[in-house]
Amino acid sequence: MSTLFDSIPGRGLPHDLLGPGTAILNGFALGRETELAFMIQAISKLAPFRHMITPGGFRMSVALTNCGRYGWVTDRTGYRYDSIDPETEQHWPGMPDNFLELARAAASTAGFPSFIPDACLINRYEPGSRLTLHQDKNERDFTQPIVSVSLGLPATFLFGGMERSDKTVRVPLHHGDVLVWGGPARLRYHGINPLKEGVHPTFGGYRYNLTFRAAG
Ligand code: MD3
Ligand code: FE
């Protein structure tokens with residue numbers, strides 16, 4: 001059966017192979033890598049990448065920073081959004097116009113024309129870095145989608161169900177892919193397998209992931 005989201009893979013048009021509420025926009029960010037790399041560099045000079053500590057006391061293997069009105073943080077007291085960077089004690093860097101426009105264009109293409117993200121979490125993976133299965137539920141409004149942008153080295157994404165124990169499917173994510181997670185997909189468990197070694201022409205030995213959220 002065909003659906004609203006069926007289209008041609010590899011051309012930045014959405015398809016929903018991962019189920020209702022998902023849209024995969026393969027290559028949607030291609031052509032913007034130079035400006036995205038430049039902005040990530042500029043943001044990380046103001047708010048450096050760091051390995052945060054989980055409530056359980058573990059150091060995250062993924063390094064992260066944020067831009068926008070709110071930033072996602074974790075420490076021994078829990079996960080939350082905060083308008084202040086705990087490391088610099090300053091506001092997070094503003095969200096660049098090109099970030100906002102990319103996120104809004106992707107959300108709109110996937111059927112969320114009024115998405116206004118106020119937070120962008122930037123994850124940086126090095127070989128071996130992983131993200132264990134989790135739900136994103138620190139945002140205030142689950143009717144708003146999350147838009148994710150993959151840059152640099154490829155990774156294997158794990159997509160589960162509404163319970164941690166549900167089976168997962170593995171999905172390769174490549175440089176330039178943009179995915180939109182809304183509606184019934186918004187609270188599904190997901191994670192990233194340990195990153196493999198490699199070299200990307202623009203992003204070197206790293207994978208970066210931007211996730212745009214309406215947090216506040
Ligand atoms: C599905 N990031 O930052 S992006 C995260 O590649 C996170 O860095 C991963 O999970 C990364 O929280 C995965 C894909 C993604 C992001 C958010 C989702 C998938 C999602 C929220 C709900 C369902
Ligand atoms: Fe997540």
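E89 sits out in the open: this residue is exposed, with a relative accessible area of 64%. For the wording used here, buried means under 20% relative accessible area, exposed means over 50%, and partly exposed is what falls in between, computed with a 1.4 Å probe on protein chains only. E89 belongs to the loop between β4 (78–82) and α2 (97–109). Helices here are DSSP runs of H or I with at least four residues, strands are runs of E with at least two, and both are numbered from the N terminus. The backbone of E89 is worth a look too, with a phi near 60°, a positive value in a residue other than glycine.

Before going further, keep in mind that this is a predicted model, where local features need pLDDT of at least 70 and side-chain atom pairs count only at pLDDT 80 or more, while totals for chains, interfaces and linings use all residues. Residues are numbered from 1 along each chain as its sequence is written, chains are lettered from A and ligands numbered from 1 in the order in which they are written, and side-chain values use heavy atoms, with hydrogens and water left out.

Now for some other loops. G176 is in the loop between β9 (169–173) and β10 (178–181), and G176 is buried, at a relative accessible area of 0%. Go to G31 and you are 145 residues away from G176 in sequence, yet the two C-alpha atoms are 8.4 Å apart in space. L153, in the loop between β7 and β8, also counts as buried, at 5% relative accessibility. Its C-alpha is separated by 6.6 Å from that of G198, 45 residues apart along the chain. Then there is V62, in the loop between α1 (33–46) and β2 (63–67), and V62 is buried with a relative accessible area of 0%. V62 and I84 are 22 residues apart in sequence and 20 Å apart in space, C-alpha to C-alpha.

Next, the ligand. Ligand 1 is surrounded by 20 residues, the closest being N123, Y125, D136, H190 and R207; a residue counts as near if one of its heavy atoms lies within 4 Å. β12 (207–213) is among the strands that each supply at least two residues of this shell, including also β5 (119–125) and β11 (190–192). With four residues, β12 gives the most.

Some of those neighbours make polar contacts, meaning pairs of N or O atoms within 3.5 Å. A polar side-chain atom of Y125 lies 2.5 Å from an oxygen atom of ligand 1. The side chain of D136 has an N or O atom 3.0 Å from a ligand 1 oxygen, and for H190 the separation is likewise 3.0 Å. The protein covers 98% of the 490 Å² of accessible area that ligand 1 has on its own, by the Shrake-Rupley method with a 1.4 Å probe.

Finally, the cysteines. A disulfide is a covalent bond between the sulfur atoms of two cysteines, and here one is called when two cysteine sulfur atoms are within 2.5 Å. By this rule the count comes to zero. C67 is in no disulfide, and the nearest cysteine sulfur, that of C120, is 4.2 Å away.

Note on methods: A polar contact is a pair of N or O atoms within 3.5 Å; within protein, one must be able to donate a hydrogen and the other to accept it, and residues adjacent in sequence count only if both atoms are side-chain atoms.
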